[in-house]
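I opened my notebook for a friendly look through this one. Here is the model I had on screen.

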Amino acid sequence: MKAFRWYALALIVVAADLYTKQLASTLLQYARPQPVFFWFDLTLHHNEGAAFSFLSGAGGWQRWLFTAIAVAMSVFIGGWIWVGRRAHWLLGLGLGLILGGALGNLYDRLTLGYVVDFISVHWRGWYFPTFNLADSAITVGAACLLLDSVLQRGREQA
């Protein structure tokens, strides 16, 4: 069944995410940038909040809120993959990436109480918030969903 390929993709994303986070946690010193390129560093951070450290200083309750949201969304997306149209490979790809990213960050939140971030992109003194492989998978997955929606709308109008 084609749904299993998207579950396998999610599993690959989780494995790669956890592996890279373990490497970062082992090899990097907290908040000490390791330059890779003039615009890119590896910098270990612990994010107790959501995207862009939203609610990171809220006192701890946000951990359980974001955990509940991640569990609910993972169940929803897992079900969407299962019942989704098999001909929409871009939709499946996006959902698989989002599911894998959500589960990777969920694992951190449950086991550590925070999400390990280590990818730092910057330009001329402007720093984008530090992120990880799971965040990247979620972002690319969301772009796939948007593109699939635009293409689907075009197919329906044709």
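My entries follow, one topic at a time.

**Ground rules.** I am working with a predicted model, where local features need pLDDT of at least 70, side-chain atom pairs count only at pLDDT 80 or more, and totals for chains, interfaces and linings use all residues. Residues are numbered from 1 along each chain as its sequence is written, and side-chain values use heavy atoms, with hydrogens and water left out.

**Overall layout.** I looked up the secondary structure and found four helices and four strands in the protein chain. Helices (H or I, at least four residues) and strands (E, at least two) are DSSP runs, numbered from the N terminus. Along the sequence, I read the pattern α-β-β-α-α-β-β-α. I also checked burial: 39% of the 158 residues of the protein chain count as buried. Here buried means under 20% relative accessible area, exposed over 50%, and partly exposed in between (1.4 Å probe, protein chains only).

**H1 against H3.** Next I turned to helix H1 (residues 3–27) and helix H3 (residues 89–112), whose axes come within 8 Å and cross at roughly 35°. The axes are lines fitted to C-alpha atoms, for helices over the stretch in contact, with angles from 0 to 180 degrees between N-to-C directions. I noted that the contact of H1 with H3 has 13 nonpolar, six polar and three charged residues. In that count, Ala, Val, Leu, Ile, Met, Phe, Trp, Tyr, Cys and Pro are nonpolar, Asp, Glu, Lys and Arg are charged, and the others, Gly among them, are polar.

**Salt bridges.** How many salt bridges does a search of the whole structure find? I got two, taking a salt bridge as a side-chain nitrogen of Lys or Arg within 4 Å of a carboxyl oxygen of Asp or Glu. Asp17 pairs with Lys21, with the closest N and O atoms 2.7 Å apart. Both residues sit in helix H1, four residues apart, about one turn of the helix. Lys21 also meets Asp108 in a salt bridge, at 3.0 Å from N to O. Lys21 lies in helix H1 and Asp108 in helix H3, so this pair ties together parts that are 87 residues apart in sequence. I wrote down that Asp17, Lys21 and Asp108 are linked in a network of salt bridges. Are these residues buried or exposed? Asp17 is buried, Lys21 is buried at 2% relative accessible area, and Asp108 is buried at 4%.

**Nonpolar patch.** On the surface I found a nonpolar patch of Phe4, Leu65, Ile69, Met73, Phe76, Trp80, Trp82 and Val83, with about 810 Å² of accessible area together. Patches are made of residues with over 30% relative accessible area and no salt bridge, like charges being joined within 9 Å and nonpolar side chains (Val, Leu, Ile, Met, Phe, Trp, Tyr) within 5 Å. The areas come from the Shrake-Rupley method with a 1.4 Å probe, and for residues only the protein chains shown count as cover. Helix H2 (residues 61–83) gives the largest share, seven residues. Ile69 is partly exposed at 44%, and Trp82 is partly exposed at 40%.

**Positive phi.** Most residues other than glycine have a negative phi. Ala31 has a positive phi near 60° and sits in the loop between H1 and strand E1 (34–37). Arg124, with phi near 50°, lies in the loop between strand E3 (115–123) and strand E4 (126–127). Ala31 is partly exposed at 39%, whereas Arg124 is exposed at 76%.
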